[in-house]
Amino acid sequence: MSTVFLAIGLVLAFEGLVFALAPSRLEDVLDALRQMRPETRRLIGLAALGAGVFLIWISKQLGA
């Protein structure tokens with residue numbers, strides 16, 4: 001359960017940095033995402049999901 005809280009905390013910290021340091025750049029990224037086809041956005045999401053699961057797995061292996 002502590003891993004879940006750690007993951008949520010890391011996501012919130014990263015998202016907070018994006019909003020705090022580059023709010024106008026975030027609007028540009030959202031505009032670029034709106035122009036992409038849904039299939040491309042889905043592929044990017046699946047790649048991010050896979051990378052995240054891989055990083056979690058690696059961190060668990062290094063911590064064990």
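Colleague: How many salt bridges are there?
Modeller: The count comes to 3 salt bridges. Keep in mind that this is a predicted model.

Colleague: Why would side chains pair up like that at all?
Modeller: Side chains of opposite charge can pair when their charged atoms come close.

Colleague: OK. Which residue does Asp28 meet in a salt bridge?
Modeller: Arg25. The N to O distance for Asp28 and Arg25 is 4.0 Å.

Colleague: And where do Asp28 and Arg25 sit?
Modeller: In helix H2, which covers residues 23-35. Asp28 and Arg25 are 3 residues apart there, so about one helical turn separates them.

Colleague: Is Arg25 buried or exposed?
Modeller: Exposed. Arg25 has a relative accessible area of 52%, and the cut-off for exposed is over 50%. Asp28 is partly exposed, at 42%.

Colleague: Next one. Which residue does Arg34 pair with?
Modeller: Asp31. The side chains of Arg34 and Asp31 meet in a salt bridge at 2.6 Å, N to O.

Colleague: How many residues apart are Arg34 and Asp31?
Modeller: They are 3 residues apart, about one turn of the helix. Both lie in helix H2.

Colleague: What about accessibility for Arg34 and Asp31?
Modeller: Arg34 counts as exposed, with 60% relative accessibility. Asp31 is partly exposed, with a relative accessible area of 38%.

Colleague: And what does Arg37 form a salt bridge with?
Modeller: With Glu39. The closest N and O atoms of Arg37 and Glu39 are 3.4 Å apart.

Colleague: Is Glu39 exposed or only partly exposed?
Modeller: Partly exposed, at 45% relative accessibility. Arg37 counts as exposed, at 55%.

Colleague: Switching topic to pockets. What volume does the largest pocket have?
Modeller: About 350 Å³.

Colleague: Which helices supply at least two residues each to the lining of the largest pocket?
Modeller: Helix H1 (2-21) and helix H3 (38-63).

Colleague: Which gives the most to the lining?
Modeller: H1 does, with 7 residues.

Colleague: How does the lining divide into nonpolar, polar and charged?
Modeller: There are 7 nonpolar residues, 3 polar and 2 charged.

Key. Residues are numbered from 1 along each chain as its sequence is written. This is a predicted model: local features need pLDDT of at least 70, side-chain atom pairs count only at pLDDT 80 or more; totals for chains, interfaces and linings use all residues. Side-chain values use heavy atoms; hydrogens and water are left out. On a 1 Å grid over the protein atoms alone, a cavity is a set of points where a 1.4 Å probe fits but cannot get out, and a pocket is an open set with protein on both sides within 12 Å along at least five of seven lines; lining residues have an atom within 4 Å of a point. Grid points are joined across faces, edges and corners, and a volume is the space filled by probe spheres set on the points. Helices (H or I, at least four residues) and strands (E, at least two) are DSSP runs, numbered from the N terminus. Ala, Val, Leu, Ile, Met, Phe, Trp, Tyr, Cys and Pro count as nonpolar, Asp, Glu, Lys and Arg as charged, and the others, Gly among them, as polar. Buried means under 20% relative accessible area, exposed over 50%, partly exposed in between (1.4 Å probe, protein chains only).
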